[in-house]
Structures are given as C-alpha cells and as structure tokens.
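Hi,

Here is the structure I promised to pass on.

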Amino acid sequence: MTSAQLEIQLIASIVAIACAIPGTFLVLRKMALISDAISHSILPGLVIGFFITHDLSSPLLIVLAALSGLVTVILVEFIQKTGLVKEDTAIGLVFPALFSIGIILIAKNANDVHLDVDAVLLGELAFAPFDRLLVNGADLGPKSLWIIGSILAITVTLLMAFFKELKVSTFDAGLATALGFSPAVLHYGLMSVASVTTVGAFDAVGAILVVALMIAPAATAYLLTNDLKKMLVLSIGFGVLSAISGYWLAHWLDASISGSMTSILGVLFLLVYLFAPSRGLLSVLYRNKQQRIEVSLLTFLLHLNNHSEEEERHINHLNEHINWQKVRSKSVVDLALKNNMITIDNNVISLTDKGTSFTNKAIDYIITNDDTEIESMKEDFFLFRG
C-alpha cells in the first residue's frame, strides 16, 4: 500500500467522521434535505471568494461559502414560516436559485479557472494527496487533511461543550427554552457547523459524497438505536467503514472513489433497513403479522365469552359468524389451544379458566385503555410465541 493510498483513506475517514456528527442531528431534526441544499448553495460563496482573493486556497472562500450556507438556511426558514409552503418546497425553491447564480458567475467570469461544475459536484479523492501543504519547504501532508482535520477538531470540541444543549433542543425545543437554552442559537450553530464541514470537504470529495456521508450513516444508525450517543458512534462507524471499503471497491473495479463510497453507504443502509432487529422492514412485517393474529385471537375469545349457545360456539360456525376463512380460523383455534385458553368437545368450543381470565383482562384493557394491561397479557400468555 502506497502513502497516497493511505492518505486517501485517511482523508475520506476524517471527512466521514466530520460529516457524521452534524448529520446525526440533522436526521433527528428531520432536516436531512437541508444538507443537500447547503452543499449546492455554497457555490456562490466560493465564486465570490475567488473573485475577491483570486486564490482557490484562500481561507476566505471557506468563510464566504459557509455564510452562503447560512443564508440558505435563513431563506428556507423565512419562506417556511410564512405558512404558504412546506419546508421541502422551500428548500426546492432556495437552493436551485443560489446554485444557478453560482453557475452563472462561473460561466461569465471564471471560464479560464479550474472552478467548474463537475469538480464542484463530484470531487476527486484520488487527486487530494497531490495538493500538498508546504511550510518553509517542509511537506506537511495533503491540504485537505489539514483543513478537514481542523474542522473535525472544532466540531468535536463544540459537541463536547454543547452536547446536553443540543440533545435537549433536538428532542424538545420547548424544554430547552424553559431551561434557558436558545433553540435558535443552537440551530444556527448546528447549521454553521454543517456549512463549514461541507465547504471543508468540498474540494476533496465533492458535494455528492458530502451529502451521502452526512445523511446515510446517520439514517442507518437511526434504524438501530434510540440512544443519541450510540447513534453518533454508529454513524461514525458506518461512515468510516464505507470510506475505507469504498476505496478498495473503487481500486478493485477501477472506478470512481466517491461513487464507490456512496454505493457502499447505500448497500449498508439497505441491509439495515431490511434486517434491523426492531425497525427493519422484515421485523415490522413480522410484528404486524403477530399483531393481526393477536387481534384475531382476542376477537375469537370475546365471541366465545359473549355467547353461551352451542351453535354460536360450534367450530364450523366461526367462518360464518366472524367472517374468517378456514385457514385463518384454524390458525387462531390452534393458537388458543396451544395457550390452553379453550377446550373442544364434540366440535363445540368452550373457554378454560385461563381463557376466561385472559378475556376479562382484555375487556379491562378495552375499557380503561391502560397500556400496562396489554403488556401483562403478553407476559402471561406469550401470544408473540404463538
């Protein structure tokens, strides 16, 4: 492995960590689309900064681009607060307008400068190791590494200093205000960090990968945990894993590094989306099926409890009275038998003491709507194990 390969993976990993931190809070605040808006609308700031300094490596470009990102957030919120359009519509109005202004400025005034749209959107990690930081003739490594490393250090410092405030304002803005925090200040602080991170990662990885690294790891982690600290750790882990494995996938396929990393992020999200223990698609479908079985069982027991006539409790009467198919009737009867809730004598079904107790508890739950009742029913009769 060459030093350039190591540097590419290191830059990508640090970008992944730096993006995962603000990305986690954006996902929790349901503001994922704003990262895409920021990543495109900072273009006018970059262009104006270049016009002022005539230096693509000037820190002023980062400052003006970050301000451009903040302007995007302010405009989106201003339009949204009018109540005339929703947030996604406001985002769809603001960022294309600002992005197109940047494109016009480039086309009219910077045709002879390497500030083209392809470089802005796609980026290229393969070139990052060749843009070195030289101080008094000493090679200190890639510029991108120093830029994004500095941003990450600032982001981690701010996260440690304001973690409690960010957590409270993210989940309950009203409580944050009552405790003396300012949700607005924290919000714009978070947007500032997201903007600066986006700008810092721009030259190395481009807008597409920045958005992917900011949202996909956090969205994946969100399906696995309800704990904020664990979500941050998982987001960082998914981001770094995708950065490193994506690089080697690109090396093996001789393909785009950014594209390969983004593809790995997509595959990871898909796997978690399908197989997450509690929020995965398969788990949700299984729970829904179990809940339908529970409702059917409860309907069946309530029917038995309400009728003493033998013809109403005859096994062949279920399909007619409760409007069930034969297969469904059999599965519900089998589940009730398995849990010793009924007995069958000459095809006439009767409740056992356990079935009567369960039915009475169910009636109490229906009347009181007390969640503790249904939980105790699950524990007592193991319906999910049917």
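A quick word on terms before the angles: the axes are lines fitted to C-alpha atoms, for helices over the stretch in contact, and the angles run from 0 to 180 degrees between N-to-C directions. Also bear in mind that this is a predicted model.

I looked at two helix pairs. Let's start with α2 and α4.

Helix α2 covers residues 32–41 and helix α4 covers residues 59–81; their axes come within 8 Å and cross at roughly 135°. That makes the two oblique, since an angle has to be 65 to 115 to count as roughly perpendicular and over 145 to count as roughly antiparallel. The crossing of α2 past α4 is right-handed. On the α2 side the contact is made by Ile34, Ala37, Ile38 and Ser41, and α4 answers with Ser68, Gly69, Thr72, Val73 and Val76. By type, that contact has five nonpolar residues, four polar ones and no charged ones.

Now for the other pair, α7 and α10. Helix α7 spans residues 143–171 and helix α10 spans residues 228–253, with axes that come within 12 Å and cross at roughly 115°. These two are therefore roughly perpendicular to each other. Their crossing is right-handed. Here Leu159, Phe163, Lys167 and Phe171 of α7 meet Leu228, Lys229 and Leu232 of α10. What does this contact consist of by residue type? Five of its residues are nonpolar and two are charged, with no polar ones.

Cheers

Note on methods:
Residues numbered from 1 in each chain as written. Predicted model: local features only at pLDDT ≥ 70, side-chain atom pairs only at ≥ 80, totals over all residues. Heavy atoms only, no water. Helix = DSSP H or I, 4+ residues; strand = E, 2+ residues; numbered from the N terminus. Parallel < 35°, antiparallel > 145°, perpendicular 65-115°, else oblique. Left-handed = near helix turned anticlockwise from the far one by under 90°. Contact = heavy atoms within 4.5 Å. Nonpolar A, V, L, I, M, F, W, Y, C, P; charged D, E, K, R; others polar.
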